[in-house]
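Have the sequence and the 3D view open as you read.

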Amino acid sequence: MAEAGTSFEGSDVDVDFRNAMRRLSSAVAIVVAEGVDGFTGMAATSITSLTLEPPAVLICVNKSASLHACIQDGAPFTVNLLSRHQREVSAAFGGAVARELRFTVGQWTRDPYGIPMLDDTQANLSCVVDGIMAYGTHSIVVGRVRHVRLTGEIAPLIYQDGTYL
Ligand SMILES: Cc1cc2nc3c(=O)[nH]c(=O)nc-3n(C[C@H](O)[C@H](O)[C@H](O)COP(=O)(O)O)c2cc1C
């Protein structure tokens, strides 16, 4: 018997799913790669630790994102795990700031392979594309990690219910 406030068959799954995902807390990262027009980056909560052997992460990238073409072309990329004080960087790379101006937000240096990496993050992962699977509007990307930089205390930026904790 369904209790009041619960939804099963006959419910609007799309709306319920969206609301369910608002209750999923996720750490925020900025993913950066080089494209034909220079470096491009986007905010992402879809980062998942995939395997330790080999060290690999999984990222879901919307096919409409400018980063997608770079990744599909096999461009190496960085995953910059944001610290709690970096909401502004998340907002900028989430689309609030024009693509060509995003790297003016935050302090950026380069990883050993010349890809921009953000300072004062939780960690920076340097990755190469090791697999891509298309699913609906997105591509599921496997990133093989070839370099890691750790910084400071553990205090990640968390996104939940359309806002930051
Ligand atoms: C907190 C947050 C998390 C996001 N997570 C993802 C994600 O995991 N995958 C994705 O494709 N877009 C995600 N987005 C949306 C992209 O960051 C946004 O659409 C970005 O503007 C795409 O880059 P572009 O404008 O260069 O195409 C997220 C946005 C925000 C603010």
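First, some housekeeping. This is a predicted model, in which local features need pLDDT of at least 70 and side-chain atom pairs count only at pLDDT 80 or more, while totals for chains, interfaces and linings use all residues. Residues are numbered from 1 along each chain as its sequence is written, and side-chain values use heavy atoms, with hydrogens and water left out.

Let's start at strand S10, residues 138–150. Strands here are DSSP runs of E with at least two residues, numbered from the N terminus, and two of them pair if DSSP finds at least two bridges between them. S10 runs antiparallel to S5 (residues 56–62), and 7 bridges join the two.

S9 and S10 form a hairpin with 2 residues between the strands, where Gly136 takes a positive phi near 55°.

Now for the cysteines. How many disulfides does a search of the whole structure find? The search finds 0, counting as a disulfide any pair of cysteine sulfur atoms within 2.5 Å. Cys60 is in none, as the nearest cysteine sulfur, that of Cys127, is 14 Å away. Seen from Cys127, the closest cysteine sulfur is in Cys60, and 14 Å is too far for a bond.

Are these two cysteines buried or exposed? Cys127 is buried, with a relative accessible area of 0%, and Cys60 counts as partly exposed at 25%. Buried means under 20% relative accessible area, exposed over 50%, and partly exposed in between, using a 1.4 Å probe and protein chains only.

Notes:
Helices (H or I, at least four residues) and strands (E, at least two) are DSSP runs, numbered from the N terminus.
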